[in-house]
Amino acid sequence: RFEGGVVHEAHERLLHVLLLEVVVGRRRRRDAPEYFCVGTAFCLPTEMEPTSGRILVFAVRDRALVLAAEREVKGAVYNLSAMAGRLLAGINSKLELFRWAPREDDDAAHALVGECGHRGHILALYVATRGHYIVVGDLMKSVSLLMYRPEENAIVECARDFNANWMSAVEALDEDTFVGAENSYNLFTVRRNADAGTDEERQRLETVGEFNSGEFINRFRHGSLVMRAPDSEVAASPTLLFGTINGVIGLLANLPREAYEFAHRLQGVLQGVIQGVGGLSHAEWRSFVNERKSASARGFVDGDLIEAFLDLKRGRMEEVARLMDMGVEEVCRRVEELARLH
């Protein structure tokens, strides 16, 4: 059983849990109630893919979870996301947006009411939102960017990545740039061309970064693990945490252009100075490789390699600094500033 006496049906599995602040009507109140939303699927041995599931909405009352609403759906609820005070669910191949509305038979109770949806996916496994934009990580069809238009009560596709990546996580870095992880331990970033001259270019997400993380990443979250120094442009860089199936917690930082160029130059120098374990090439190790393509890493800098500079002996530090045309103290200061991001 779930808390609150909710029956856990046979073959039913919990797939996602979300804390949601609900908007009733058009405006968000400061005292808007919060609910725990749970997505489930009925995994029957006779079905290849689940064809039914539930969305359960729990309220917290007297330190206990009480079922406030239940909605049966035609598929597995792989993902739940909050958007504009509403609930966005990835249900098998469809995205569906729900609002929280009073029930017709009981004004004191509420129910999830479907507003609009979007089809065209194989399995909408991973969903991230930013404002009215929706980023979808598909089982096989990589990343697509959708937009919710409340005035039309519709979700429409803006652009997509036409590469065939089997996704394991997605997140929005900003309104134009998105990061994804796929099942061959790679990271990649895509960017939309909103100002392109043709519809074809505007509808395509351009790949701008590729990198092998060496880990199967299955979750991104905006946030940081440390306090930020207020007097540094680098310290103010937006950061994204990621988690892996091996229990690793990592961090991605969206660096200012000048800081990225410094780190990229230092990485190139260190690749010629620091010998990899077993003589392996660092550039080859970090290359984007899966069953369909192989490409050199770009748009990413390996923070582990950059921070390895601080472990070098003084003579090697001076050699690296000379190749960078900088002083040792200046290189150390800038590397330590990057290290303070985590």
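A: The answer below begins with the whole chain and then turns to the paired side chains. The model is predicted. The protein chain has 342 residues, of which 45% count as buried, and its secondary structure comes to six helices and 21 strands. Its C-alpha trace spans about 80 × 45 × 45 Å along the principal axes.

The aromatic rings come next. A search of the whole structure finds three aromatic pairs. One of them is formed by tyrosine 185 and phenylalanine 216: the ring centres are 6.4 Å apart and the planes stand at 80°, so this pair is edge-to-face. Tyrosine 185 belongs to the loop between strand 14 and strand 15, and phenylalanine 216 to the loop between strand 16 and strand 17, so the pair ties together parts that are 31 residues apart in sequence. Tyrosine 185 counts as partly exposed because its relative accessibility is 42%. Phenylalanine 216, at 23%, also counts as partly exposed, because the limit for a buried residue is under 20%.

A further pair consists of phenylalanine 211 and phenylalanine 300, whose ring centres are 5.4 Å apart and whose planes are at 25°, so this pair is stacked. It links distant parts of the chain, 89 residues apart: phenylalanine 211 is in strand 16, and phenylalanine 300 is in the loop between strand 21 and helix 4. Both phenylalanine 211 and phenylalanine 300 are buried.

Charged side chains form pairs as well, and the structure holds 18 salt bridges. In one of these, aspartate 176 meets arginine 192, with the closest N and O atoms 2.8 Å apart. Aspartate 176 is partly exposed, with a relative accessible area of 32%, whereas arginine 192 counts as buried at 18%.

Glutamate 157 and arginine 160 form another salt bridge, at 2.9 Å from N to O. Glutamate 157 is partly exposed at 37%, and arginine 160 is buried at 12%.

The side chains of glutamate 319 and arginine 316 meet in a salt bridge of 3.6 Å, N to O. These two residues are three apart in helix 5, which means that about one helical turn separates glutamate 319 from arginine 316. An α-helix has 3.6 residues a turn, so residues three or four places apart point the same way. Glutamate 319 is partly exposed, with a relative accessible area of 29%, and arginine 316 is partly exposed, with 35%. Elsewhere, salt bridges that share partners join Glu12, Arg54 and Glu70 into one network.

Notes: Residues numbered from 1 in each chain as written. Predicted model: local features only at pLDDT ≥ 70, side-chain atom pairs only at ≥ 80, totals over all residues. Heavy atoms only, no water. Helix = DSSP H or I, 4+ residues; strand = E, 2+ residues; numbered from the N terminus. Buried < 20%, exposed > 50% of the residue type's maximum accessible area, 1.4 Å probe, protein only. Phe/Tyr/Trp six-rings, centres within 6.5 Å; stacked < 30°, edge-to-face > 60°. Salt bridge = Lys/Arg side-chain N within 4 Å of Asp/Glu carboxyl O.
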